[in-house]
Amino acid sequence: KNSAKAMEKELVTCSLQEKEKTAIERSQIFQIPLRKDLETKVIVVLGKAGMGKSILVQKICQDWSNGEFSQFEFVFWFDCKQISLPEKQYSLKELLLEFFVKPQEGSKEIFEYILQNPAKVLLVFDGFKGLHDHETFPRCSASQPEKDLSSIKELLSGLIQKKILNGCTLLFTARPKDKLYQCMSKVDKTIEIVGFSPQQRELYITKYFEESPYCDSALKLIKECEYLFSHCYSPVMCRFVCVLCETVLEMGEKSLPSTLTGVFLKFFQQKIMLMQTDVTTTQNQESLATLARIAWCLGEKHQSAMKSDLLPSKEVKEFALRYGFFLPFALPRHSDSEEEEFGSTFSDFAIQNFLCALHLLLAEELKDKNLTKYLSFLSKKKKPYNWLDLMPRFLAGLMFLQDDPYFCSLSNEDAKQSTKKQKTLLKYIRRLQINTLCPERLLELLRCVYETQNNYLLQHVALRLEPDLSFLGIVLTPPDVHVLQSILKRSRKEFSLDLRNSGIDAQGLQALVSLRNVTSFRASLSDTVRLWKSLEQTRDYELLKASTEKFVLDPFKAKTMKDISDLSDLVEMQEKMMNCVQEASGCTRYEIPAIRNLRKLEFALGPAFGLQGLLKLVKILAAFPSLQHLDLDALSENGIGDEGAKSLSEVFPTLTSLETLNLSQNKITDLGAENLATALPSLSSLKTLSLYNNNICDFGAENLAKVLPAMTSLRVLDVQYNKITGVGAQQLTDSLRKCPHVKTLVMWNPTIPYGVLEHLHQLDSRISV
């Protein structure tokens with residue numbers, strides 16, 4: 001229990017809010033500033049399945065073999081699916097010099113050299129799941145981990161903990177979650193692969209078909225199916241769609257399936273069912289059902305590989321290899337006398353997901369009612385099948401494709417069974433309280449319902465969506481945006497969308513914002529300004545004006561310098577908007593509503609950038625005419641000091657609507673208090689002023705006391721936890737007698753004797769003890 005608590009202290013949540021979109025070159029991946037060269041470096045490359053993580057690390061290996069990354073003398077690449085079979089154990093020597101590459105001679109000397117020169121070693125673990133399984137990640141217990149046999153998790157644990165090969169470089173690839181838990185004290189750099197932009201998708205498809213007779217028609221055909229084109233943001237899915245498109249065009253067909261389920265159903269049918277006899281059809285159906293069961297059994301354990309001798313029959317193995325559903329690999333041997341062992345792994349994550357859904361549908365032991373529990377939009381208490389994230393969508397889609405001739409050729413299930421399962425799903429979703437689903441589960445429901453392409457279900461869900469839809473911090477991929485857009489279109493309601501920290505791309509943001517029934521939206525400020533700049537360049541002034549009127553900013557919290565820069569860009573955008581609107585309509589004045597209506601601004605940049613950020617912020621504060629609440633108090637303490645206080649006081653005359661000013665915990669001294677006091681009376685609407693926990697002494701208190709009568713709108717003043725003594729407290733009390741408008745003065749300070757403060761409270765009950 002205690003070790004779990006100790007481990008928990010090492011964990012932090014890395015959310016999308018902390019991400020910044022910055023493209024980097026491959027050569028920069030291993031650059032880690034402010035890091036000791038003698039210590040192990042841990043780099044994590046994140047990306048959804050199919051994003052090209054494996055291709056990236058293979059390219060790194062290829063670049064190294066061509067002379068790049070010369071800091072490494074040894075590079076070892078491991079596919080974690082293959083090395084993490086539960087029944088296998090390795091020593092470090094076996095893992096490096098038996099599994100990856102076996103030297104013909106001198107392996108002992110090579111291994112000794114590696115142990116003595118760890119800084120020259122790069123270890124790449126492709127498809128690592130340990131970051132997400134941190135609660136079950138074991139501590140390395142081997143007394144001689146380089147030589148003793150250990151599970152792969154124990155070996156990896158020893159490498160990360162620097163007990164093994166300390167000083168090497170570790171590169172992991174892994175799938176991200178919306179919240180990635182990781183031992184931040186161990187991870188030095190995190191990079192995420194985000195997939196293709198629409199332009200890159202077009203380029204890939206064009207390149208794929210450039211020597212094909214279908215060069216002109218292929219791109220057009222794929223783009224006509226917007227949902228499939230959106231899935232092409234994933235490089236693996238893009239290639240998959242291209243292969244299928246090629247087959248469709250060769251057969252003389254004129255359209256692609258409209259759903260992902262339809263695409264994979266067609267793929268399987270084309271792979272297996274062409275040019276075969278009735279006998280092989282039955283054999284293939286049986287082999288496919290067995291393979292589907294294997295996919296499910298492995299998937300439940302978060303695995304996609306197994307030892308080949310554990311396959312139930314030779315026929316199933318040959319079937320899986322013949323049609324490319326399995327890829328074989330060799331397992332390392334502990335000694336030369338041992339017989340060579342082989343493993344099999346699913347060739348593609350989506351193929352395993354599809355087979356899992358097929359198993360659930362065909363398994364006789366599963367009752368119809370039990371099928372719905374495998375859909376991951378259940379209540380929060382139920383554990384969704386995160387690792388098989390496509391499986392629920394395929395399952396829902398297959399339920400409504402069971403009368404499809406392609407599906408019938410894959411299974412021998414009768415029509416009555418399929419109708420029964422459809423009715424089960426319809427009944428389940430009708431009873432579902434959609435308004436109680438958390439954003440993540442709601443999104444999964446929309447994905448599943450879209451795959452059914454059932455008009456009744458689509459309409460049912462659309463009509464029951466809440467007007468306020470928040471996807472705050474939930475990753476919205478291009479296919480998610482397409483699904484959301486198509487379902488929102490079906491509703492007559494007006495919607496308010498919160499898309500902040502969703503990673504939505506510019507095209508997706510434009511698609512949702514341009515919907516007529518989306519009347520307001522919140523999104524990343526930088527993404528929104530980027531969209532507006534794009535619309536300005538294309539002279540789409542109508543959509544530009546409509547989207548600015550829908551955008552909501554209030555309240556705004558600045559946490560980084562980038563937030564302040566984005567806010568500055570927004571103000572600058574207003575200047576451009578004036579020119580655009582004037583050109584389009586002849587109107588001479590235009591204010592972006594989000595700027596005009598901003599009432600609360602929180603500032604939390606911390607001590608490192610607090611002053612720098614504030615000096616930039618004060619230049620644009622006058623642009624927000626309705627600003628009522630300016631909060632410069634942060635848990636990490638902004639520390640703007642006297643310079644920040646002086647700079648802020650210079651813009652007080654422009655803040656005519658400001659009612660609350662919180663300057664707590666900012667290291668302001670008497671000098672800063674003097675500058676503030678001079679300008680405070682110009683804040684004509686100020687009701688609450690907090691200077692809690694600063695370094696103000698009696699001189700500062702005296703200056704505040706002088707201007708207190710002139711601050712006629714003020715109701716609450718908080719100067720507690722400063723360095724004011726009884727002298728300064730007396731001056732404030734004397735001034736308070738001339739201020740009938742002030743309701744509360746909070747001024748407990750450790751430097752004021754308790755008896756003095758009690759006495760002042762008796763003189764004036766507005767003084768808080």
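In what order do the 8 strands of the open sheet stand? The order is β14-β15-β16-β17-β18-β19-β20-β21, with parallel pairing.

## Basis of the model

This is a predicted model: local features need pLDDT of at least 70, side-chain atom pairs count only at pLDDT 80 or more, and totals for chains, interfaces and linings use all residues. Residues are numbered from 1 along each chain as its sequence is written, and side-chain values use heavy atoms, with hydrogens and water left out.

## Overall make-up

The protein chain holds 32 helices and 21 strands. Both are DSSP runs, numbered from the N terminus: helices are H or I with at least four residues, strands are E with at least two. Of the 769 residues, 53% are buried. Buried means under 20% relative accessible area, exposed means over 50%, and partly exposed lies in between (1.4 Å probe, protein chains only).

Contact means heavy atoms within 4.5 Å. Among contacts with a separation of 6 or more, 75% come from residues 24 or more positions apart.

Strands count as paired if DSSP finds at least two bridges between them. In the sheet of 8 strands, the edges are β14 (556–558) and β21 (767–768). Each has a single partner strand, so one side of each is left without a neighbour in the sheet.

Inside the order, β18 (residues 688–690) and β19 (residues 716–718) run parallel and are joined by 3 bridges. S690 has D718 in β19 as its bridge partner.

## Helices α30 and α31

Helix α30 (residues 698–707) packs on helix α31 (residues 726–736) at an angle of about 5°, with axes 8 Å apart. That angle makes α30 roughly parallel to α31. Axes are lines fitted to C-alpha atoms, for helices over the stretch in contact, and angles run from 0 to 180 degrees between N-to-C directions. Under 35 degrees counts as roughly parallel, over 145 as roughly antiparallel, 65 to 115 as roughly perpendicular, and the rest as oblique.

From α30, the contact uses D698, A701, E702, L704 and A705; from α31, it uses V727, G728, Q731, L732 and S735. These residues divide into 5 nonpolar, 3 polar and 2 charged. Ala, Val, Leu, Ile, Met, Phe, Trp, Tyr, Cys and Pro count as nonpolar, Asp, Glu, Lys and Arg as charged, and the others, Gly among them, as polar.

## Helix α10

Helix α10 (residues 235–250) has 16 residues. Its first and last C-alpha atoms lie 23 Å apart, close to the 22 Å expected at 1.5 Å a residue. The expected span is 1.5 Å times one less than the number of residues. After α10 comes G252, with a positive phi near 80°.

Buried positions in α10 are P235, M237, C238, F240, V241, C242, L244, C245, V248 and L249. They pack against α7 (198–208), α8 (215–224), α9 (226–231) and α11 (260–272).

## The antiparallel sheet

Another open sheet has 3 strands in the order β8-β10-β9, with antiparallel pairing. Its edge strands, β8 (305–307) and β9 (326–331), each pair on one side only. The twist averages 30° from one strand to the next.

Between β9 and β10 (residues 341–346) there are 6 bridges, and the two strands run antiparallel. L327 stands opposite T345 in β10.

## The loop at N597

N597 sits in the loop between α26 (593–596) and β15 (600–603). Its relative accessibility is 32%, so N597 counts as partly exposed. Leaving aside neighbours within four places in sequence, N597 is in contact with D554 and S626. N597 and L627 are 30 residues apart in sequence, and 7.7 Å apart in space, C-alpha to C-alpha.
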